Amino acid sequence: MNELVFFINNVVIAGSVSGSIYAMGAVGVTLIFSIMRFAHFAHGDMMTFGAFMVLLLTTLFPQAGAAIGIPTPILLMPLAMALTAALAVGIDRTFYKPLRAHGVKPIVMVIASLGVTLMLQGLIRLFAGTGGSSLYVDDRKEIFRLPVPIESVRVPVVITEPQLYLFGLTILSVIGLHLFLSRSRLGKAMRAMSDNPDLAQASGINTNTIVAVTWMLAGGLAAIAGTLLSLDVTFKPDLSFFLLLPIFAAAIVGGVGHPFGAIAGGFVVGFAESLAVFNWSVLLRPFRDSLPEWLELPANLAFVGTEYKIVVPFFILVAILVWRPTGIFKGKVIT
Amino acid sequence: MPLLDARDVYGGYGGMNILNGVDMAIEATEVGVIVGPNGAGKSTMLKAIFGLLSVNQGEILLNGETIHNLPPNKLVQRGMGFVPQEHNVFPSMTVQENLEMGAYLKPDNIKRMLERVYEFFPPLKEKRHQPAGELSGGQRQMVAMGRALMPEPDLLLLDEPTAGLSPLYMNEIFERVKEVNAAGVGILMVEQNAKQALAIADKGFVLAAGQNRFTDTGAALLADPDVAKSFLGG
């Protein structure tokens with residue numbers, strides 16, 4: 001039973017954590033693609049920027065959370081979301097909008113977003129330094145060890161406070177996004193523009209407003225994901241290098257242009273990663289006696305080493321592009 | 001005062017003129033039909049009226065006000081609706097959501113106009129929760145017309161509404177067009193099925209090479225041997 005708890009900690013919880021983070025990033029990538037038809041490579045850095053804003057605000061007001069009893073970084077996150085949304089709209093106005101107005105090919109936009117990636121990373125390094133830093137300035141990261149009420153089990157289920165916030169906020173974001181896209185006038189207009197931009201314009205939908213709303217949504221979600229990831233691990237200016245591949249893999253697995261596909265894709269990639277790095281010999285160990293003698297159980301039996309985790313989304317990406325290029329739900333990659 | 005009054009319109013894509021001085025006027029109570037050979041500038045004229053390409057010379061009046069070179073969304077506000085020939089629905093959205101998008105600028109209309117559109121096109125009511133992309137060609141055309149009717153336009157522009165439809169559906173669409181017109185909406189449509197379209201036309205415009213060749217009532221054009229010989233296939 002100890003082994004099962006070990007599995008829960010290392011696969012179920014770890015997979016849900018990465019899954020939630022990838023899902024929120026991938027939703028942004030997919031929304032931007034469906035409205036503006038280009039792959040936004042600077043999205044990982046928008047996530048880093050959100051976390052950086054939280055770091056900045058927490059350093060400025062380290063005591064803010066103590067008054068209400070929630071961690072300061074979490075309390076200040078809505079503000080960081082607003083700032084990241086504003087940054088996203090600002091970047092669009094300065095860099096992408098003039099290109100769109102010229103009617104450039106999508107690849108030009110992709111290259112421009114690579115430029116934005118480098119610029120944002122440089123900017124963050126300038127202020128936050130090149131090393132890692134903790135988003136907890138005055139607070140301490142709460143770690144919950146939940147004992148399992150079975151006698152033989154000694155290993156507790158371990159979950160951290162930011163992980164709990166992450167799960168809660170992911171569920172809220174998914175419900176909120178669903179209601180926004182299916183009920184609100186603006187959300188429906190967004191889907192209309194994704195379906196048929198010319199007809200949307202002919203119906204009187206202001207496409208500039210929709211573009212701005214898309215950036216705000218994508219920026220806000222990126223800030224949540226970036227912050228909670230940095231809270232759970234640590235804040236680094238080059239966080240995006242570890243995020244970009246998984247979130248694009250997630251968006252493509254789900255079918256580009258499909259917000260809920262992107263969420264599903266995020267969890268597929270997250271769980272695939274944690275299953276691939278999981279040491280399976282732990283689960284086999286209890287059956288050691290019943291295994292044939294010639295089969296010796298190695299100490300570590302994982303598909304890939306933890307340090308090579310990034311190959312998993314890469315493999316998924318290649319596999320999906322070869323066998324099902326439109327993703328789980330039929331997306332807009334190839335129409 | 002005519003509902004739509006286009007006078008001596010020159011226009012096209014970029015600097016090139018496809019329309020070389022077209023005149024066209026219809027009243028609010030009329031169905032106007034534009035026919036003519038391929039490349040005559042029929043659809044171009046419709047797009048010029050709806051602000052989708054530049055009018056280089058001449059003027060277009062709607063209810064007595066100049067409207068040429070206004071963007072499409074302004075024209076929707078001023079009472080014009082346009083149904084493109086292709087890509088005229090939002091395929092992943094339900095029929096009802098498609099219709100709601102038509103009333104995007106007039107959200108107060110939604111409840112009342114949904115009822116009216118469903119009265120005009122009863123098949124749509126049954127399928128209102130189905131994605132428009134899954135409907136047949138004829139029903140899709142109904143969705144497209146319904147969407148354009150949602151903001152209660154004075155004038156509805158239809159670009160080849162029966163293209164690619166079976167004769168059965170063609171007649172059904174023409175029936176609906178007549179009903180919509182009877183409800184007080186002026187209609188101007190481009191048609192390939194010239195004989196059938198002229199049969200329901202109060203006014204017909206025969207275009208060729210970007211100019212008016214014949215303008216008369218639909219019945220008179222059908223009876224004119226010159227028109228029949230050159231444009232209606234004998």
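Tutor: We'll go through the chains, the sheets and the contact in turn.

Student: What kind of model is this, and what are its ipTM and pTM scores?

Tutor: This is a predicted model. It scores ipTM 0.86 and pTM 0.89.

Student: Start with chain A. How many helices and strands does chain A have?

Tutor: Chain A has twelve helices and two strands. Read from the N terminus, the order is α-α-α-α-β-β-α-α-α-α-α-α-α-α.

Student: What percentage of chain A counts as buried?

Tutor: Of the 335 residues of chain A, 45% count as buried. As for contacts in chain A between residues at least 6 apart in sequence, 74% join residues at least 24 apart.

Student: Switch to chain B. What is its mean pLDDT?

Tutor: The mean pLDDT of chain B is 92. In chain B, 99% of the residues reach 70 or more.

Student: How many helices and strands are there in chain B?

Tutor: Ten helices and ten strands. The radius of gyration of chain B is 17 Å, close to the 17 Å from the globule rule for 234 residues, so chain B is as compact as a globular protein of that length.

Student: What about the span and burial of chain B?

Tutor: The C-alpha trace of chain B spans about 50 × 35 × 30 Å along its principal axes. Of its 234 residues, 47% count as buried. Residues 24 or more positions apart make up 66% of the chain B contacts with a separation of 6 or more.

Student: Now the sheets. What is the strand order in the open sheet of four strands in chain B?

Tutor: The order is β2-β1-β4-β5 of chain B, and the pairing is antiparallel. The edge strands are β2 (19-26) and β5 (65-66) of chain B. Each of these edge strands pairs on one side only.

Student: How many bridges join β1 and β4 of chain B?

Tutor: Seven bridges, between β1 (residues 4-12) and β4 (residues 54-62) of chain B. To find that pairing on screen, look for D5(B), which stands opposite L61(B) in β4(B).

Student: And β1(B) with β2(B), how many bridges there?

Tutor: Six bridges, in the antiparallel sense. G11(B) stands opposite L19(B) in β2(B). The hairpin of β1(B) and β2(B) has six residues between the strands, and there G14(B) takes a positive phi near 65 degrees.

Student: Which way do side chains point along a regular strand?

Tutor: They alternate between the two faces of the sheet.

Student: Which helix lies across β1, β2 and β4 of chain B?

Tutor: Helix α1 (residues 42-49) of chain B. It runs at about 70 degrees to β2(B).

Student: What is the order in the sheet of six strands?

Tutor: That open sheet has the order β6-β7-β8-β3-β9-β10 in chain B, with mixed pairing. Its edge strands are β6 (80-83) and β10 (211-216) of chain B. Neighbouring strands are turned by 15 degrees against each other on average, direction ignored.

Student: Parallel or antiparallel for β3 and β9 of chain B?

Tutor: Parallel, over four bridges. The strands are β3 (residues 31-35) and β9 (residues 203-208) of chain B. V35(B) has V206(B) in β9(B) as its bridge partner.

Student: Which helices go with this sheet?

Tutor: α1(B) lies across β3, β7 (155-159), β8 (186-190) and β9 of chain B, at about 145 degrees to β7(B). Helix α6 (residues 137-149) of chain B packs on the sheet too, touching β6 and β7 of chain B. Its direction makes about 165 degrees with that of β6(B).

Definitions and conventions: Residues are numbered from 1 along each chain as its sequence is written. Chains are lettered from A and ligands numbered from 1 in the order in which they are written. This is a predicted model: local features need pLDDT of at least 70, side-chain atom pairs count only at pLDDT 80 or more; totals for chains, interfaces and linings use all residues. A residue is buried if 20 or more other C-beta atoms lie within 10 Å of its own, exposed if 12 or fewer, and partly exposed in between; C-beta atoms are placed from the backbone. Two residues are in contact if their C-beta atoms, placed from the backbone, lie within 7 Å. pLDDT is the predictor's confidence in each residue, from 0 to 100. Two strands pair if DSSP finds at least two bridges between them. Axes are lines fitted to C-alpha atoms, for helices over the stretch in contact, and angles run from 0 to 180 degrees between N-to-C directions. The radius of gyration is taken over C-alpha atoms; the globule rule is 2.2 Å times the number of residues to the power 0.38.
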